[in-house]
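Please walk me through this structure.

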Amino acid sequence: MKTLLLLPNSFKRPGTIMSVAGLLLWCLTQQDLFDKLLTDRTASLYWPKIMVLSISFFSFLFGFAFLVFAKEKVEDEYINNTRLRSFQLAAASQVLFFVISFVYLFLFKKEPSVGYLLLCIIVFWLFYMVNFHVTLYKNKRRFHEE
């Protein structure tokens with residue numbers, strides 16, 4: 001069976017490295033750990049903070065996309081069905097997340113922050129990844145027990 005719009009399995013390793021490194025760099029930069037290096041214009045390596053934040057965030061995002069859209073080693077009808085169900089459940093959870101968060105924002109009259117927008121992007125993909133891999137793990141374990 002041919003699956004469309006999936007990357008080769010070899011994209012999983014670079015995706016893992018990019019997403020972990022991007023998230024770590026983004027979090028460290030948000031905590032101002034590189035503040036002295038990023039604000040010192042006389043340093044040999046001067047990058048504006050917004051540039052480092054952008055590169056690290058998009059590194060995380062593209063790495064996560066590589067993980068999500070990479071094929072499994074064995075790609076069959078069952079994997080495609082599990083992938084579809086995981087996408088459906090992730091979409092339902094994101095709608096629920098939006099409803100709850102907008103009600104919260106409306107009740108407490110708060111404006112969404114950058115962290116909230118980041119969370120909105122990540123919730124869908126994180127929920128998809130967790131659901132997809134947990135389902136595969138449980139079924140593989142159940143198959144080996146029989």
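Helix 4 (77-108) and helix 5 (114-145) each supply at least two residues of the lining of the largest pocket. Helices here are DSSP runs (H or I, at least four residues), numbered from the N terminus. A pocket is an open set of points on a 1 Å grid over the protein atoms alone, with protein on both sides within 12 Å along at least five of seven lines; lining residues have an atom within 4 Å of a point. The model is predicted: local features need pLDDT of at least 70, side-chain atom pairs count only at pLDDT 80 or more, and totals for chains, interfaces and linings use all residues. Residues are numbered from 1 along each chain as its sequence is written, and side-chain values use heavy atoms, without hydrogens and water.

The largest pocket has a volume of about 260 Å³. That volume is the space filled by probe spheres set on the points, which are joined across faces, edges and corners. Its lining includes E72, K73, H133 and K140. Helix 5 gives the most, with four residues. By type, the lining has four nonpolar, two polar and four charged residues. Ala, Val, Leu, Ile, Met, Phe, Trp, Tyr, Cys and Pro count as nonpolar, Asp, Glu, Lys and Arg as charged, and the others, Gly among them, as polar.

The structure holds one cavity of 30 Å³ or more. In a cavity, a 1.4 Å probe fits but cannot get out. The largest cavity is lined by G22, L23, W26, F57, F60 and L118. Helix 1 (12-30) and helix 3 (49-69) each give two or more of these residues. The largest share, three residues, comes from helix 1. Five lining residues are nonpolar, one is polar and none is charged.

How do helix 1 and helix 3 cross? Their axes come within 7 Å, at roughly 150°. Axes are lines fitted to C-alpha atoms over the stretch in contact, and angles run from 0 to 180 degrees between N-to-C directions. Helix 1 is therefore roughly antiparallel to helix 3, a term for angles over 145 degrees.

Which residues meet there? G22, L23 and W26 are among those from helix 1, and F57 and F60 among those from helix 3. Contact means heavy atoms within 4.5 Å. The contact divides into 12 nonpolar, nine polar and two charged residues.

Note on methods:
Angles under 35 degrees count as roughly parallel, over 145 as roughly antiparallel, 65 to 115 as roughly perpendicular and the rest as oblique.
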